[in-house]
Amino acid sequence: MKFTVDWLKNHLDTKFNNNQIIDKLTNIGLEVESFESSTSELDTFIVAKIINAKTHPNADRLKLCDVDIGSDKTIEVVCGAPNAKNGLLTVYAPPGSIIPKNQMKLSVSKIRGVTSHGMLCSESELLLSNESEGIIELKNKKYANNIGEKYFKNTSEKVIDLSITPNRPDCLGVRGIARDLSAAGAGKLKINKKSNLKYRGNQNINVTIKKEKAQGCTIFGSCLIKGVTNKESPKWLKDKILSLGQKPISAIVDITNYIMFDLNRPLHAYDADKIDNEIIVRSSSKGESFEALDNKKYILENDMCVISDRSGVLGLGGIIGGTRSGTEYSTKNILLESAYFLPRSIRKTSKQLNIDTDAKFRFERGIDPLSIEEGLIKASELIKQICGGEISNLDVKKIENYKKTIINFDPFLFEKTTGFNVENKELIKILEKLGFNVSKNKKILKLVVPSWRPDITQPIDIVEEIVRIKGYEHINISEPIKTRLKPTLNYYQKLFHFLQRSVASKGYLETVTWSFTDSKINQLFKENDEEIPIVNPISSDLNVLRNSIFPNLIFYLKKNLDRGFKDISLFEIGPSFKGKNPGDQLTVIGGVRAGKVSRLSWNDKERIVDTFDVKKVVIQSLYEAGINKDDIIIDDRTPSYYHPGKSGGVYQNKKEKNAIAYFGEIHPNIIKKLDIKTEGLVIFEICLDYIRESKQKIKDSKSEYKFSDYQKSERDFAFIINKNFKSQELVNIIKSVDNKLIKSVRVFDVFEGENIPEGKKSIAVNVTIQSEEKTLNENDLDNINKQIISSVESKSGAKIRS
Amino acid sequence: MSDIKKIKDDYIDKLSTENNIEKVNYIKSELFGKNGIISNEFKKLGSISVEERKKLASDLNNIKDELQNKISIKIQEIETKEINLKLEKEKIDVTLPERNIEIGKIHPVSQVIDEISSIFSEIGFSVEEGPDVENEYNNFTALNTPDNHPARDMHDTFYLDNNKELLLRTHTSPVQVRTMLKGKPPFKIIAPGRTYRSDSDQTHAPMFHQVEGLHIDKNINMGHLKGCLNYFIKEFFEVDKIKMRFRPSHFPFTEPSAEVDIGYEINNGKIVIGEGNKWLEILGCGMVHPNVLKNVNVNPSKYQGYAFGIGIDRLGMLKYGINDLRAFFETDYRWLSHFGFDPLDVPSNYRGLSR
């Protein structure tokens, strides 16, 4: 909402200066976006001083001037004026300026081989006089201290631009703003002058508002103005329209616009001679069409509120008029419309047709239904004054009567909500200035809400009115109450933080990527999940919700590889979407690692990243986050985007359907499809939602401290076993021989090839044996050794290597 | 006796110039071996008179001690020399690089979320979450923003179906609705998370982060709201004084509503929070609208309280001098390394919010 201070003063008697008005507006909730003069093409011309004028190296008649334009460095300008000399004050036009005389736009150019940054101007070039012999010579006295400042004073009045919140349609007119300011003590709202307009004759174009279910219009007021001479608006009106940032069109159109911005009362003027017999306000039928004033043809749906005549649609009520009945300079007779349209109907129609106009913006927020006549009268007066003509009686048709909103307000609610007290007297004064009608019934105030405030419906709205006018600075600061109702984080939130920092501590950079992704990349990772398209994506390559954490991670990994990074470890913790309903999402950590380990190390052998690098990250992070080591089972069933032979899943229980984590090499097909250039690429993911909350709290598990002081023994075994036999099973077989005595089993060598039969491998394990009751003797140990060998041989088909 | 003394003096001389450990050991056995010179002298003691024996034995013992002492000192001397020589040879260049260090980082958004959570935890708030996909009811209608409300235009919403029933939440406020629907008052929560608007330019990203705050109890008023935010902003920016301004505004789900500005100035091209005469809008807040409370089955005549919504990314940008919002989400390795935080930097009250 734009307006000038002068315009505001048409409605407000105030002693406030501009800055006080600006501050007050912001303090009462009418946020000032800007307060500046509208920009002018002449703003670029600035006062400058020639520091040094020397002869152009390639042209005797040209000069090369170092010019001070008020910035750090001087500018070099080529000038042909004979009067250019050291110390001369003149006018400088930088590149981009438009020279008034010929409307040419300046650019940086070379003149006889030397670059000139802009131009020094003559009076004739600036249309100040016909003097074109030399550049302007400014008087030292007046301009010596103005170097760098604008030469032309911007005379246009400063414009206030307010950002009006959607609950305040009344402040979409200058009068409403003035009213708010007056309530806040910034002046006195001027009383509207009584109109002494003389009416002649009746409005004889019949108006009907059809009673239909979807009818979007409840009041239609109008009058005829006959015998007008439409013309250019007078200067004062043009200036007003220009200050709004709009272009003047003709007196009649400018007047209706002026009233809209002055009183927040949209109007529409028809050329009465172009109306076919009568006005019918009705709902549209699908397929009807009309050409609107924005020169577009609109094809309507059912139930849009249209103003029509016998020939068809004239315009969309409250949104936009049509060209068929538009006013022109030749228009002689006008039908002026002032109506009330329902916000819901306006909003629906404008959304369907994608039209946004100043009238629509106002009607959809709610126009004062009691301003029909005032609008007609004010506009008619101005039309008569500027264009002449005779005004008919006003004709107001309605299908609904306005009902007053009455609120019973207990002033205690104010203190209860804001924490401070305002005397009843002051409170009533504020409300009355805002237009409320206040009467007292014991402690309760009976308030009649002004018709221009559709946003006020209940007592809390009254609290807001009083506190915003009184000023939020009156609210006292209460020290925070520290009472805690429950722990800050629950188990899964703690897990989130533990795992996030645990993975990062292993050399991974955390990133945050969009929750949406490119369906083409998503396709590679979505497995059996349904694709979740976004109806209105920001771009076609961010068109689906990600079904997996990986599509974006892989995409950005590739970008970083393309930037020249070779060894990259990235991870993200965030949502992965399984369906399109709220809650169909999992919280997942995804990690990617590319390149080599120990690249260019002088002492370690460099190698390509492998599955066991990421397995370590997964397992260690899970341990660190408190997942019981003995609970974890590794399996080789993994999603299809993993290398089928070099990936694994981590389960907390054999029966568990969902893995809590996966790790391994990415499938080579994906590397190929996405054209990822790297030596190696391994990935992992941990799904937080599938991790079971441990029942044991740390304080419980710590108290179970047990250890054995008896001597422990270590024995090594090597077995020849089928190549596909999993080491985890071998370890389990050995452990199950005696869970109490066998404390740990470590695989320390795996070997295939020489001396090992085809299809077999050798696995060497180190077993630690320790009793909690005694020191084991040779006999005991031999016994266990034998049991281990026989158990492994019978359960796995392995043979001990001798 | 004089013979023995001579022998002793000879050997002492020998030992003092000897530098070979094997030769020293040879001397040792020459003197004290089975048929060693000294050993043999002791054997002779048996064949002399008691008188003489006493004297001789004493002398002999002295000579033995002296020689043995000299030998052991010599051995130690040579060994030390040898060890030193060996260590000298083993010397390495310690300025060679260590084994490759792999440094991980926490994203600034995560760090700021943890900072915020830590601050609010101190005054008794707990953390709630809600889904990224929301239904139209929780995101708008329950928050007193019915379908025909123009406030909806301020939220450029991503939809997942043509009926506009399912959407990506445009703010974290639906977590208020979920929290209150599933529990009973009082409520005292914050809810950080991802939010989405179909808006993309230099200062807007289609995805960003907000933290919602909600405190509902019997007598929570705007003074508490002011106190809570005043505390938060001071703690967050780690400054003693903060210039803060509450300005009336409008959100459908709060009434009265306010926007909060903080004072700042530009000093040497850097933004300084808490001083100066410029204002920067950083959050929106207000008293929860009675209509919202009714929608979530909380009796507005018994309970009342405040809610606020803060842009997390923006706070992080202000605190850590990050200029470009878009860069948060572009996964540039250089940017993540530079702006990321060490994983051990867990914001906490006792150790300080940031280093």
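Visitor: In β33(A), which residue is the bridge partner of Glu510(A)?

Guide: This is a predicted model, in which local features need pLDDT of at least 70 and side-chain atom pairs count only at pLDDT 80 or more, while totals for chains, interfaces and linings use all residues. Residues are numbered from 1 along each chain as its sequence is written, and chains are lettered from A and ligands numbered from 1 in the order in which they are written. Helices (H or I, at least four residues) and strands (E, at least two) are DSSP runs, numbered from the N terminus. The partner of Glu510(A) in β33(A) is Phe571(A).

Visitor: How many bridges join β29(A) to β33(A)?

Guide: Strands count as paired if DSSP finds at least two bridges between them. β29(A) and β33(A) run parallel, and the number of bridges joining them is two.

Visitor: Which are the edge strands of the open sheet of seven strands?

Guide: The order in chain A is β29-β33-β34-β40-β39-β38-β37, with mixed pairing. The strands that pair on one side only are, in chain A, β29 and β37 (633–635).

Visitor: What angle does the direction of α15(A) make with that of β34(A)?

Guide: α15(A) packs on the sheet and touches β33, β34 (585–594) and β40 (681–687) of chain A; contact requires C-beta atoms, placed from the backbone, within 7 Å. Axes are lines fitted to C-alpha atoms, for helices over the stretch in contact, and angles between N-to-C directions run from 0 to 180 degrees. For α15(A) and β34(A), the angle is about 25°.

Visitor: Which element gives the largest share of the side of chain A that touches chain B?

Guide: In the interface, 78 residues of chain A are in contact with 69 residues of chain B. Elements giving two or more residues to the chain A side include α2 (18–27), α13 (491–504) and α12 (459–470) of chain A. The largest share, six residues, comes from α12(A).

Visitor: Which residue with a positive phi follows α9(A)?

Guide: α9 (residues 372–387) of chain A has 16 residues. Its buried residues (20 or more other C-beta atoms, placed from the backbone, within 10 Å of their own) include Ile372(A), Leu376(A) and Ile383(A), and their cover includes β16 (217–226) and α6 (251–263) of chain A. With a phi near 75°, the residue after α9(A) is Gly388(A).

Visitor: What is the radius of gyration of chain A?

Guide: This radius is taken over C-alpha atoms, and the globule rule is 2.2 Å times the number of residues to the power 0.38. A compact globule of 802 residues would have a value near 28 Å, but chain A has 41 Å.

Key:
Two residues are in contact if their C-beta atoms, placed from the backbone, lie within 7 Å. The expected span of a helix is 1.5 Å times one less than its number of residues. A residue is buried if 20 or more other C-beta atoms lie within 10 Å of its own, exposed if 12 or fewer, and partly exposed in between; C-beta atoms are placed from the backbone.
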